Amino acid sequence: MIIRNLLIGTAISIMSCGMALQAQSQNKKAEQCLAPNSPVGEARGIIPGRVVWSHAPGTASWKGGSDMWFDDKNTNQESCDWMMAETLMGITGERTVKDSWNAIFTHYNRTHGHGDVGYEPGQKIAVKINNNNTASHQDSREINATPQMVLALIRSMVDEGCIRQEDITIAEPSRFITDYLYKKCHNLYPNVNYVDNQGGDGRIKVEFVPGAMKYSADNGNLATGIAKPFVDADYVINMALLKGHVGQGVTLCGKNWYGCMSIDPDWRKNFHNNFDQDRSGKPKYLTFVDFMGHKDLGAKTVLWLIDGVYGCKNVGGEPMPQWNMTPFNGAWPSSLLGSLDPVAVDMVANDLLINEFPDAPEVDYSDMYLMEAAQAGNPPSGTVYDPDGDGTPLKSLGVAEHWNNAKDKKYSRNLGTGKGIELVYRKR
């Protein structure tokens with residue numbers, strides 16, 4: 001109740017809340033499976049293991065109160081466009097956004113046996129956003145995909161990447177694309193497809209392909225249908241959020257796939273089998289690895305992004321609190337993470353969250369699914385991961401590693417000590 005009252009108050013109250021939480025956190029350190037700078041798995045990407053962190057301080061300037069955090073006066077579009085461009089160029093090593101998009105698609109096709117070719121008109125691209133905290137097309141005050149960042153992605157693909165609007169689908173199959181996000185993007189890019197759970201008001205109602213997921217272990221009644229835009233896509237982009245989550249500790253790209261499944265829009269009616277890590281750190285089968293390796297989800301993905309404009313300690317509610325670690329220093333994170341390695345990008349986001357909020361709900365061992373994914377061919381749990389059910393087990397899905405410390409934020413490739421993650425920081 002105290003925190004809730006503070007949220008309704010002034011900017012000073014919000015900052016004070018963040019400082020109080022930070023003070024409470026100083027005596028606690030989140031337990032994790034992997035020691036610092038001890039990489040496991042095989043790094044992926046044009047520049048293997050590279051994660052780009054683009055930071056544009058002041059992008060998010062919401063001070064609480066009755067207005068919306070995603071209003072244009074509170075979230076700067078130009079800064080979101082800059083972060084998208086810097087992230088794309090950083091993960092590819094190219095000097096232009098146009099060349100970066102071509103490099104991303106060409107790298108995917110080359111590494112998947114499709115030849116040395118890029119995107120071709122007519123090929124379909126499905127983008128999974130995270131609008132989990134929605135119940136209708138009506139705008140929600142809770143933390144969801146930042147509309148300005150979604151627009152930045154579309155603008156980059158169409159205007160710089162020369163991708164046809166009609167080949168792009170922005171999808172939130174299990175929830176809703178709210179009015180502000182839809183109108184902001186549709187008004188400028190009306191031929192892009194916008195798919196959500198119910199359709200209507202210009203959105204397309206999602207269809208599911210039954211039984212498309214073959215879980216690698218008995219998952220009881222967990223949904224097995226996958227949204228048709230992803231089954232039909234030639235390429236996929238995963239655009240997750242930087243935030244915590246009760247049960248799993250964090251919700252990043254790995255969990256974002258759950259929204260592609262044939263679940264009920266009322267979360268209370270859904271199953272969450274094998275989502276939670278073991279509370280003592282004992283390895284176990286984790287469903288997220290099946291999502292990350294499935295042929296229509298992780299295996300089709302050309303780009304992983306984590307929207308950190310308004311990072312959040314908890315899964316729901318309005319954005320809170322502001323971040324105190326360097327370089328945020330009492331401000332919103334105003335950041336975007338991107339990579340061609342799905343394990344590495346979630347590891348960096350995990351490090352940010354567990355060091356800023358070590359007292360977040362159930363955050364201990366939140367890296368367990370990443371340990372399993374990095375070593376999917378021979379995981380600590382001993383699970384044979386085969387989400388396609390074709391008898392071909394998964395191999396390593398990327399590289400897992402924690403940074404050396406929260407001050408320096410260095411990984412093994414930054415230190416020159418190993419073949420793990422390289423974190424590239426770009427500040428506006």
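**View 1. Trp53 pairs up with Ser335 through a side-chain polar contact of 3.0 Å.** A polar contact here is a pair of N or O atoms within 3.5 Å, one able to donate a hydrogen and the other to accept it, and residues adjacent in sequence count only if both atoms are side-chain atoms. This is a predicted model, with local features needing pLDDT of at least 70, side-chain atom pairs pLDDT 80 or more, and totals for chains, interfaces and linings using all residues. Residues are numbered from 1 along each chain as its sequence is written, and side-chain values use heavy atoms, with hydrogens and water left out. Trp53 sits in strand S2 (residues 50–55); strands are DSSP runs of E, at least two residues, and helices runs of H or I, at least four, numbered from the N terminus. With a relative accessible area of 3%, Trp53 is buried (under 20%, 1.4 Å probe, protein chains only). Beyond four places in sequence, Trp53 touches residues including Pro327, Phe328, Leu352 and Tyr425 (heavy atoms within 4.5 Å).

**View 2. Asp341 is buried yet has no salt bridge.** The nearest side chain of opposite charge, Arg44, is 6.1 Å away (Lys and Arg count as positive, Asp and Glu as negative; His and the chain ends are not counted). The backbone nitrogen of Arg44, though, lies 2.8 Å from a polar atom of the Asp341 side chain. Asp341 belongs to the loop between strand S12 (335–339) and helix H10 (342–356).

Definitions and conventions:
Buried < 20%, exposed > 50% of the residue type's maximum accessible area, 1.4 Å probe, protein only. Salt bridge = Lys/Arg side-chain N within 4 Å of Asp/Glu carboxyl O.
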